[in-house]
Amino acid sequence: MTRSVYFFGNGSADGTREMKAVLGGKGANLAEMTNLGVPVPPGFTIAAHRCVSYLADGLVDDAFREDVTRALTRLEEVSGKRFGDASNPLLVSVRSGAAVSMPGMMETILNLGLNDDTVEGLAKASGSARFAYDSYRRFLQMYADVVLGVPIAKFEQLLGSKRVTNGVTTDSELSADALRTLVHEYQQLIRFTTGQDFPNDPQVQLWGAIEAVWKSWTLKKAIDYRRVNGISHTLGTGVNIVSMVFGNMGEDSGTGVAFTRDPSTGERRFYGEFLVNAQGEDVVAGIRTPLHIDDMATMLPGAYTALMATQDRLEQHFRDMQDIEFTVERGTLYLLQTRTGKRTTAAALRIALDMVNEGLITQREAVLRMQPNQLDQLLHPVISSDVRATALAVGLPASPGAASGIVVFDPDVAERRHAAGEQVILVREETTPEDFHGIVAARAVLTARGGMTSHAAVVARGMGKCAIVGCTALEISHEQRLMRIGEHVITEGEWITLDGGTGRVFAGDLPTQPSEVMRVSNGVLAAADAPTYLGFAKLMGWADEDRRLRVRANADTPRDARVARNFGAEGIGLCRTEHMFFEGERITAMREMIVARDLGGRRRALEKLLPMQRADFEGIFQAMDGFPVTIRLLDPPLHEFLPHGGEESTMLAQSLGLSRPELARIVAALHETNPMLGHRGCRLGIVYPEITEMQARAIFEAAVRAHRRGVDVRPEIMVPLVSDVSELRHQREIIERAADQVMGVMGERVPYLIGTMIELPRAALTADEIATEADFFSFGTNDLTQTTFGLSRDDAGRFLPYYIEKGLLAEDPFQVLDRKGVGKLISWAVRDGRATRADLKVGICGEHGGEPQSVAFCHQVGFDYVSCSPYRVPVARLAAAHAALA
């Protein structure tokens, strides 16, 4: 029978940190700290599989209840207190903890076990009635919110009124009598709202809390967080039941959250915040703006010394930056949690490099510590250096980057306006986990309260969003839908700009400039003046030592090619020639070709396009000197190049010497019911071979001209939308004939390859035949996913999110490669293609080429390269290294 309950206390524990899948991260680390001798309050953890089974059938069997009862009895023995005892009560916290950290997304209840009798016992044992009733009112509020469904705002209203009537500004100033009255008011509120009295039986309280924590796995905020962060929905959460220690027992007590290194910059300094005479939720929820951890050295000196020694010990043991929650009870330090700390990408980069230099981790571990998608943060823009705007206010710089958007004060409004295409900034007094969907929708977050370890700061950092917290000058009026900063009034819908690197808040939509890494990559900033870039380059160098997959870029212009090369691209995997036709004289010549009445007219138009294409190719070859360039022949249906009515159609008809009705007839003749499966790709080149001939001539003329200038040219010509080997054979003959003609006339030869894009299921299934005519395969997984699923990328967005939400699909197949279906076709095609041609080069050029999970699949199947957008090249390089190291 699978074990369900694991105890920790008195210097030993039933679990270890390797048991995160069983105990959840919090439970595993509590066990590990206990085994290390770190001061942890005793308790026990209910294994995560119990959550999974409860959510499946809603049942709690008797054997399991007995296991919990035995663990609770053992906790009474270790603590010297009794659960529900009126004279010396044992109080516990009930907290969630999944295998993967989900900060603030699930529920916590503190001070469980209090009732009208035990509160008096707590007052007597502690010698402080004020402390006892402060703990009681907190418990009533948390339990009623989490378990009974009474909105927390109703309790906050009563608490706020109590502060006003007692003439105080903070909760800690309320007297014992005021708190005793507040407890009665809370109980009346619960009775009025639920129709029942608050449960006084601690056993009833305990099981209500356990079940509520399990149910919190299914809360919208938790589901959203898992979806955004790619966490499995099947893990479930552990439940940690821990003996309470109290930070609200007076001025010799307190609570805090700290990081062993700065989570924003990565600097090796202890960084944190704490409050005197408070409980932990006061810090993480941003209810009170906390003090800096350095102040603890003078206010709670003994506990501070112990904390400094403990934090160093934890970092050395876990070999990573730790996020620590602690409580000081009457001068004695207790650790409530340690976990790997959330950090910005710049901080993660610095920490990884520093830990290598300190000998704490290896270079390969440093590469694995950096998650590929994190690298996007290093490309975030910053406010332009030439901006001279005056900041309205300055808060705490919780997460870097610059962002502009319209102010919204409600997460639902943020989600709605974002869905309508607007850029929004979520402004709140402080955020709570219920605001998560609004944070996802927002470009940035601004809060009036909270510190660098508050919910808003931690979640924004983890998501790579700009955030400023603790902006004390900010006043928000939800009734009037406006905010005030000094004399400035900004109403909902007006623009503001945040600088997450400095904490400055500006009015209006300020211009931004590329980040440090981007500026170095674009050649406008010297690498020596960019420490983040130097760290980035070093880590990328380590990653390149380990990866086997090459990384190319999808680039259609010489500029894109240069950007890609600066990011480490080793060639171009997809140059879409049609993108060269959509501007200036090019689109006019293209339209002339389309409307031409005969072959001669088409050839005359194509002769105009040839030098334009040749110049583009020459520039790309120059930018990719020494690396391969894969050029896809014309792919989209011709109707995409023509206007469909309006003034543009009239002007086009005049320029082409056509009447408006004649042009309309041509456009109508090109209409297709389903153009994405119609006359496009190689089908155009078969019906109009002169198009393929012109493009091939342009490629080879550009290649020879570049080669004459000393450029190492490696063209690869790719025929799109092949479904049968006969199509590729037809197009290959035209391309080879053009190569022989051009190179014969120019008197110089350059090597080249001819291949095809595998983007149709039939092509994948007949890969052995197609490989007889192909030097390479490049998988166009955008169309291969469409044609395999029978889904339109343009229309599936209307219902695919529902599929993901309901678990019908684990991932959006257009974002993460579908291994079961599309992946199986790819695997067959690679196997059969190489059975025909052992040296067949294989790559991918769809959007999946820059997605880490998909890159890992490409590594496993034996691809030679992946290709992605220029700005995803670093992500793909790191993902390829992760795949190799796995």
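The following legends describe close-up views of a predicted model.

View 1. Strand S34, which comprises residues 865-868, is covered on both of its faces. Tyr865 and Ser867 are buried on one side, and Val866 and Cys868 are buried on the other. Strand S27 (residues 550-554) runs parallel to S34 and is joined to it by 4 bridges. Within this pairing, Arg552 stands opposite Ser867. Strand S33 (residues 841-844) is also parallel to S34, and 2 bridges connect the two. Here Val866 of S34 is the bridge partner of Ile844.

View 2. Strand S33, helix H33 and strand S34 together form a right-handed β-α-β unit. The helix of this unit, H33, spans residues 852-861. The two strands of the unit, S33 and S34, are themselves joined by 2 bridges in parallel orientation.

**View 3. The aromatic pair Phe131 and Phe246.** Across the whole structure, a search finds 16 aromatic pairs. One of them is formed by Phe131 and Phe246, whose ring centres lie 4.9 Å apart with 75° between the planes, an edge-to-face arrangement. Phe131 belongs to helix H5 (residues 129-148), whereas Phe246 lies in the loop between strand S8 (237-243) and strand S9 (254-259), so the pair ties together parts that are 115 residues apart in sequence. Phe131 has a relative accessible area of 1% and is therefore buried. Phe246, at 5% relative accessibility, likewise counts as buried.

**View 4. The aromatic pair Phe777 and Phe779.** The ring centres of Phe777 and Phe779 are 6.4 Å apart and the planes meet at 85°, so this pair is edge-to-face. Phe777 and Phe779 are both buried.

**View 5. An aromatic cluster.** Four residues, Tyr54, Phe64, Trp207 and Trp214, form one aromatic cluster. Two of its members are tryptophans, namely Trp207 and Trp214.

**View 6. A nonpolar patch on the surface.** Phe799, Tyr802, Tyr803 and Leu808 make up a nonpolar surface patch. Together these residues have about 410 Å² of accessible area. Tyr803 is located in helix H31, which covers residues 800-805. With a relative accessibility of 35%, Tyr803 counts as partly exposed, because that class lies between the limits of 20% for buried and 50% for exposed residues.

Conventions:
Residues numbered from 1 in each chain as written. Predicted model: local features only at pLDDT ≥ 70, side-chain atom pairs only at ≥ 80, totals over all residues. Heavy atoms only, no water. Patch = residues over 30% accessible without salt bridge, like charges linked within 9 Å, V, L, I, M, F, W, Y side chains within 5 Å. Areas by Shrake-Rupley, 256 points an atom, 1.4 Å probe, with all protein chains shown as cover. Salt bridge = Lys/Arg side-chain N within 4 Å of Asp/Glu carboxyl O. Buried < 20%, exposed > 50% of the residue type's maximum accessible area, 1.4 Å probe, protein only. Pairing = 2+ DSSP bridges. Right-handed = clockwise from strand over helix to strand, strands pointing away. Phe/Tyr/Trp six-rings, centres within 6.5 Å; stacked < 30°, edge-to-face > 60°.
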